[in-house]
Amino acid sequence: PVVYAYCELHRGIVSIVKGEVGVDRCADRGAVIKVWLAGICRADVKEVAGSRTILKDRGSLFGHELVGEIIVAGKRTKFTKGEIVVFNPNITKRRTTGFGEYFIVEERADECLMRIPAGMSFELAVFAEPFSCILHSVKRLLDITGLNDFCGKKVAIIGAGNAGLSYAWLIGYLGGEATVFNLPEPDPRINFIY
């Protein structure tokens, strides 16, 4: 077992849990990850503030943008100790938060963890999750509208942060014209950091 401290979020209250974890907690298909870098998402801020509606089958998304190193891999996973991974929060709700020193995925590690390419910086890899959300939403928009691309189409994007600008880049890449609007209020993520 590994002695560790990690964070959990229950009904907007963040708590630090100390204990041991081994293959018993991450089971045969889980993993324990030492967190090296975590991003802050608007969803994190909304969950702590209690203003986010979370689907019952989804679980908390708090602390889901992370890069870390596998320190314990379940016996039935494709991972080994020392591999560097990012996380897809849309696969499993049985996990802790990436804002702790360690991050525990209790199941489905093969589906929700992805190795990062050798030489990729952690600062770039941490954007894997938000960019996958952008790709998913663009695909959904194309599916809903029945379009194959955005050639000749104009798209308005509210929010000129990293996600909004990445979304605009992808719309442009697919032939569209994106206009980005920023919100007038201060970004609540700044307050969350402090």
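So, aromatic pairs: in this predicted model, the count comes to three. Let me start with Phe131 and Trp169. Their ring centres are 6.4 Å apart and the planes meet at 45°, so this pair is tilted. For those of you who like cut-offs, stacked would need planes under 30 degrees apart, and edge-to-face over 60.

Where do these two residues sit in the chain? Phe131 belongs to helix H5, residues 128-145, while Trp169 is in helix H6, residues 162-173. That puts them 38 residues apart, and the pair links distant parts of the chain. As for accessibility, Phe131 is partly exposed, with a relative accessible area of 29%.

Now stay with Trp169, please, as this residue also pairs with Tyr173. Here the arrangement is stacked, with 5.5 Å from centre to centre and 20° between the planes. Trp169 and Tyr173 are four residues apart in helix H6, so about one helical turn separates them. Are these two buried or exposed? Both Trp169 and Tyr173 are exposed.

Let me finish with some charges over rings, and with one lysine in particular. Which rings does Lys34 sit over? One is Trp36: Lys34 lies over its face, 5.5 Å from the ring centre. Another is Tyr102, where the charged end of Lys34 is placed over the ring at 5.2 Å from its centre.

Notes
Residues are numbered from 1 along each chain as its sequence is written. This is a predicted model: local features need pLDDT of at least 70, side-chain atom pairs count only at pLDDT 80 or more; totals for chains, interfaces and linings use all residues. Side-chain values use heavy atoms; hydrogens and water are left out. Rings of Phe, Tyr and Trp (its six-membered ring) pair if their centres lie within 6.5 Å; planes under 30 degrees apart count as stacked, over 60 as edge-to-face and the rest as tilted. Buried means under 20% relative accessible area, exposed over 50%, partly exposed in between (1.4 Å probe, protein chains only). A charge sits over a ring if NZ of Lys or CZ of Arg is within 6 Å of the ring centre and within 35 degrees of the ring normal.
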